[in-house]
Amino acid sequence: MDIFLQFDLPSILLGSLAALACGLLGNFLVLRKQALMGDAISHVVLPGIVLGFLFSHETGSWAMMIGAGVAAIFAVLLIELIRRIGNVEPGAAMGVVFTTMFAAGVVILEQTGTAGVHLDVEHALYGNLESAIWLDAYTLSDLWNWQALSTLPESIKQLFIVNLLVIGFIVLFFKELKISSFDPLLSASLGFSPKWLGLSLIVMVAIAAVAAFSAVGSILVIAMFICPAATARMLTDNLKTQLFISGIASLSAGLFGYLLAAFGPGLLGYEFSVSAAGMIAVVAGLQQVLAMLFAPHYGVVMRRRRQREHVSA
């Protein structure tokens, strides 16, 4: 039990919390047809991440998240400026800004001597999920021991706070986000600025992405912004229910993905494990496939059945 608590539980918590933060925000990205915004944001925020590291000299610090949020705001404003002054269509303006800011981040990374500090391709793609260790956990009672909980890895504490911020943001601005996602014109007529709401959402996406990025890598971050929300969207037309289902899908993907990665190969007779972040993304993808096939209203199987019943009637 102590081995599970010390080595497996922290990784499960880290993966599940990262998935939950991204999965909840992903609902509004999917509704706004901006599902790949998480991928774009992960490139745009690179200058902010590097500058935040130069300020704090620590990876995974709050300075890096603040830098990422500022970079996201700057990117949105720059896109709007280019679109208006240059009379450029939004997609082209986004392409110019995203690639330019990512290139600027790479240049800063190389010129400041920080290129070798935990920001390589392996960690960027797959994260460092398995390195989370909680050495002060020995029994189940330590799960309620504040002294033991205080020694949890900093990345878990950070993601827990980010999840509270995300949930608070959604609860406080649920009505505004709902209206602006489905009908921006109605939102503007009611006094809810779609642009400012969109900017706030992008900032929260940037914070969640950076918090999850160093722990689980870009593969899982991008997958979690899309898969749980898309899965929930197939199962319901009610936004509150969709948020709840996407949260359950995110947490279950984090749990079962890690368990399959760590123990699945051993059950099949192999002596190795596979990438936990990659397997969590695979489980999230399988959830999406099952929803596409068997969702009560929109699933392929159920639609075919209703078509056959209609024809036979």
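**Figure 1. Ala 21 sits in helix α1, which spans residues 2-31.** The model shown here and in the legends below is predicted. With a relative accessible area of 0%, Ala 21 falls under the 20% limit and is therefore buried. Ala 21 and Ala 212 are 191 residues apart in sequence. In space, the C-alpha atoms of Ala 21 and Ala 212 are 8.3 Å apart.

**Figure 2. The largest pocket has a volume of about 820 Å³.** Two or more lining residues come from each of α2 (37-44), α4, α5 (90-111), α9 (174-182) and α11 (194-235). Helix α4 contributes the most to this lining, with eight residues. The lining of the largest pocket comprises 26 residues. Nearest the centre of the pocket lie Gln 34, Val 76, Glu 80, Lys 195 and Ile 202. Sorted by class, the lining consists of 17 nonpolar, four polar and five charged residues.

**Figure 3. The structure holds one cavity of 30 Å³ or more.** By class, six of the residues lining the largest cavity are nonpolar and one is polar, while none is charged.

**Figure 4. Seven residues, named below, belong to a nonpolar patch on the surface.** The patch is formed by Trp 62, Ile 66, Val 70, Phe 160, Ile 161, Leu 164 and Leu 165. Together these residues have about 690 Å² of accessible area. Helices α4 (62-85) and α8 (154-172) each supply at least two residues of the patch. The most comes from α8, which provides four residues. Leu 165, one of the patch residues, is located in helix α8. The relative accessibility of Leu 165 is 44%, between the limits of 20% and 50%, so Leu 165 counts as partly exposed.

**Figure 5. Lys 157 and Glu 154 form a salt bridge through their side chains.** The N to O distance in this pair is 3.3 Å. Lys 157 and Glu 154 are three residues apart in helix α8, so about one helical turn separates them. Glu 154 has a relative accessible area of 57% and is exposed because this value is over 50%. Lys 157 is partly exposed, with a relative accessible area of 26%.

**Figure 6. A salt bridge joins the side chains of Asp 237 and Arg 233.** Here the distance from N to O is 3.2 Å. Asp 237 counts as exposed, at 52% relative accessibility, whereas Arg 233 counts as partly exposed, at 29%. A search of the whole structure finds two salt bridges: one is the Lys 157 and Glu 154 pair, and the other is the Asp 237 and Arg 233 pair.

Technical notes
Residues numbered from 1 in each chain as written. Predicted model: local features only at pLDDT ≥ 70, side-chain atom pairs only at ≥ 80, totals over all residues. Heavy atoms only, no water. Patch = residues over 30% accessible without salt bridge, like charges linked within 9 Å, V, L, I, M, F, W, Y side chains within 5 Å. Areas by Shrake-Rupley, 256 points an atom, 1.4 Å probe, with all protein chains shown as cover. Salt bridge = Lys/Arg side-chain N within 4 Å of Asp/Glu carboxyl O. Buried < 20%, exposed > 50% of the residue type's maximum accessible area, 1.4 Å probe, protein only. 1 Å grid on protein atoms, 1.4 Å probe; cavity = no way out; pocket = protein on both sides within 12 Å on 5 of 7 lines; lining within 4 Å. Points joined across faces, edges and corners; volume = space filled by probe spheres on them. Nonpolar A, V, L, I, M, F, W, Y, C, P; charged D, E, K, R; others polar.
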